[in-house]
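Visitor: Hi, I'm new to this one. Could you walk me through a few spots?

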Amino acid sequence: MKNFHYIGKETPRPDAPDKAAGKALYIHDLERPGMLYGKIKFSNHPHARIKHIDASKAERLNGVRAVITANNSPEVRLGFLGDNVALKKDKVRQYRDEIAAVAAIDPDTAEEAVELIKVEYEPLPGLFSPQEAMKKGSPLIHETDAQGRPRTDNLVPLRYRHQSGDLDAGKRAAKYVAEGEFSTPRVQQCCMGTAGCIAEFDMNSNLTIWAKTQIPFLAQRDFNRALSDMGLRDKNTRIIVPALGGGFGTGLDTHAYEYIAILLAYKTGRPVKIVYARDEEFAYLSPRQSSITKITQGCDQNGRLTFREVEVLQDNGAYTSWGATYPSVMMMPATSLYRVSNIYFNAKLVYTNNTFCQAMRGYGNPEHTWALESNSDELAREAGVDPYEFRIINCNKPKETTPMGFKVSTCGLKECLQTVAKKLDWKKQNKKGKCRGKGMASLVHVGGGGRIYRSDASGLILKLDDFGNVNAYHGGVEMGQGLHSVLTLGIAEALGVRPDKVFINPLDTSTCPWDVGTHASRGAFMACNAAILAANKLRGKIFKLAEELFPQEAEKNLKKYRKKNPGYKPPAFDFVKEAKKERFDLKDGSIFIKGAPPEPWLSLDLGRLLRAIHFRTQGQMLATEVFYDPPNELPDFAKGFGNISATYAYGTQGAEVEVDTETGEVKILRMVAAHDVGKVLNPRALKGQIYGALAQGIGYALYEELQSEKGKIVNPNFRDYKIPTAQEMNFPIDLEFIETNDSFGPFGAKGVAEPGLVPTAPAIANAIYDAVGIRVRDLPITPEKILSALKKLKASKG
Amino acid sequence: MKAEISFILNGSEVNVTIDGHLRLIDILRNTMSLTGTKEGCGEGECGACTVIVDGRAVNSCLYPAHEIEGKSVTTIEGLRMPEHKLSEIQQAFVDNGAIQCGFCTPGMIMSAKALLDSNPNPSDEEIRDALQGNLCRCTGYVQIVEAVKSVAGQIMGKK
Ligand code: FES
Ligand code: FES
């Protein structure tokens, strides 16, 4: 295996010292001269016609600079189906519908003004479950589509389907069958730094927006479209991304509040800032999509899977954002986790009057893996096969092509399973007398980008200065996950400079090259692949110029060296003749000729050479740009086929739990996680990714749920919406990284941002079953659900 | 109701005019431009706004500004050592990978600092207990606890 200089070594993150000092600037910390504060008036009804909006009192309030409604501002459409508008005109379809907005000189005035806006509604019947909304004759949530064509039902016009093999034959071949319906709730991403932006126009009517986004370049396209909706044709948006207080998917779409800030900024001619308060973040930001999954699997007498049948029903909420595309990711485990050849997958999405949803870490994968891995456990037990053996029997293998057409390059799933079984002492009996049990669950996820758009590319510009520093301009978003840390190491490694000579510039669409967005665990994979390409180009340029300049500088060095060391006899080495571009190497910021004697004067500081290249007639400054587009394909999701990623990440997590049958509490005794990461880039940063994801997985498994009553979020605060604290995470977590050294991966690495939370919930649920013999099928697994299942179990046993 | 108050902020006496309903966090972030203290919820539920008042970790979002009169406040900005160095606990967070998005970090560090000042050698339990009011969505707390422990160990070693 290749020896790396920086890759795989413990290196503190470059952004950590400033964050530790409280110097990192988040959207909350930014101000612009003359800045106004925006505030939004949201709906009081889940479904109603807007009869009248009276904003006159708000307009008259001292300190208010603008009040906008759909009546006095241009219509700006949003969402990939265009079924939403920034300000609602005739109708509200959810509690979080934006009706009006205010810009004022301070936040208090803005808030007061919003309270003064009075809206008259004519309530309409609300639909709060997909089953209800699907019924024939249900009131229509959208009477027309974005193009104004009449609609006849509440189904979202999106198709996700996969069919492969022969389902009936698979069913006939099955000796054992397990079926079940599983559900997952809406949960909030809970970034500790809430959402917000500052919008500002220059006098040419071009927009600058400081945005908490993960997709600056797609957002640029969205906002440019909005400018054109506002009558500002051919105007441009510049997006600057400040430090992000977490992302987790929240930044994958553009948001109504951003369009509203833009409208207010244009109207007032002043910068306008909108930042969500915590209760707004809970109630008015798109959470993780909920799901209902019916799954049936069968296996033969040896435990080999013969078929898998899946029907997904999703509550889409009132409008369409990326939550509606979760089935495109659900298909991934449905078709490609474990070997199974006869598959049917179908998903239906239905508009309701609930909040609409967006991306969150895992993006459909935790939802589906919850159903799949719970059901796999049931099937294994039905067939009398040990659940671990069952997974080994059906394990994916390197070099296989899955029914969805995934070309698996490397696959460490078997090693992951074995590691978890070993560390969890799988074969050891559970302690007698205590309600303890063990469970495991696995995952597959994209690990080499994820083409969900025409381009899955990532650009990188490297610019060298006179001092041997490398300035990097990259379009990927650092939101806490450590992208800048691995990009720094990747550049340092591939170019041959020290990491402290690499500077990653703030993300600004006007200076950084295009990147599709920081999603799908693609950040490190893309950035480091781009770094390798760029470094190779740059080394080529440097070495070419060194043919001429290295001898001249080495000569000068030698002279100085001789002066200091009188009587020095240089070894016989013709560095003029040997100075050929293919002979040079660059390491730790020094250029030298490979195989040259180790004389100090024969090694040249990069900055020195760069100055020689710069300061002469016809001098040059060196920079390079690359655009890395991975070898993957855009799947046809209606057919459920296509190699979406260049490589795939696998993993297995195991849990040991103790269930208190009196209270229904689940105590996690320990967790084990083994992940096929391709190659560890930065050990501590990688561990942090898995620990953090795992904590989110535990919240998802045991208590997190964004509760709503008739469309209204009723727990919009950390008192009623619990996320894990240091106390809840008080158990050992044993991590193991399986290095499969993927040929597509930069330095062998795969993306691993999301996998850490994908199998956590089913691993815990399987452990609970092992402990007390009950299976809760609806997340979160609360004490109440456990107690009621225990009661049923007792009753059935008589 | 406007009032003049004076208090010690990161070691220096300051005088500020406050409005009746202001909170300590408003004084710190807005009046004093010390934006290292973060507001994650404004309701005493997340700990991002933690500062140390007279040796105790408090949520500055719940702390009425007028009650700060005569007291001593330390914020994250007050921890930095001379010669542009991070303090021991800050450096421990950096070295142990305890920082991801960093939004919880200043509050987390202030809670850890208050703990270590009063209990230089806390147990695992005591660390988790002291930090349970500080939410972090990124790290799962593992490396945060390790960071605090590493400093506790050092202080022990020095004795
Ligand atoms: S901002 Fe003070 S506790 Fe959350
Ligand atoms: S590091 Fe992001 S919330 Fe703690």
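Visitor: Where is B:V53 found?
Guide: B:V53 sits in strand β3 (residues 50–53) of chain B; strands are DSSP E runs of at least two residues, helices are H or I runs of at least four, and both are numbered from the N terminus. This is a predicted model, where local features need pLDDT of at least 70, side-chain atom pairs count only at pLDDT 80 or more, and totals for chains, interfaces and linings use all residues. Residues are numbered from 1 along each chain as its sequence is written, chains are lettered from A and ligands numbered from 1 in the order in which they are written, and side-chain values use heavy atoms, leaving out hydrogens and water.

Visitor: Is B:V53 buried or exposed?
Guide: B:V53 counts as buried, because its relative accessibility is 6% (buried means under 20% relative accessible area, exposed over 50%, partly exposed in between, with a 1.4 Å probe and protein chains only).

Visitor: What does B:V53 touch?
Guide: Leaving aside residues up to four places away in sequence, B:V53 touches B:L24, B:V58, B:Y63, B:I68, B:K71, B:S72 and B:V73, where contact means heavy atoms within 4.5 Å.

Visitor: How do α17(A) and α18(A) pack?
Guide: Helix α17 (residues 683–702) of chain A packs against α18(A) at about 55 degrees, with axes 8 Å apart. Axes are lines fitted to C-alpha atoms, for helices over the stretch in contact, and angles run from 0 to 180 degrees between N-to-C directions. The two helices are therefore oblique to each other (under 35 degrees is roughly parallel, over 145 roughly antiparallel, 65 to 115 roughly perpendicular, and the rest oblique).

Visitor: Which residues meet there?
Guide: From α17(A), A:L694, A:G697, A:I698, A:Y700, A:A701 and A:L702 meet A:T760, A:A761 and A:I764 of α18(A).

Visitor: What about α10(A) and α18(A)?
Guide: The axes of helix α10 (residues 365–382) of chain A and helix α18 (residues 760–772) of chain A come within 8 Å and cross at roughly 30 degrees. That pair is therefore roughly parallel. Residues of α10(A) in the contact include A:W370 and A:R381, and those of α18(A) include A:Y769 and A:D770.
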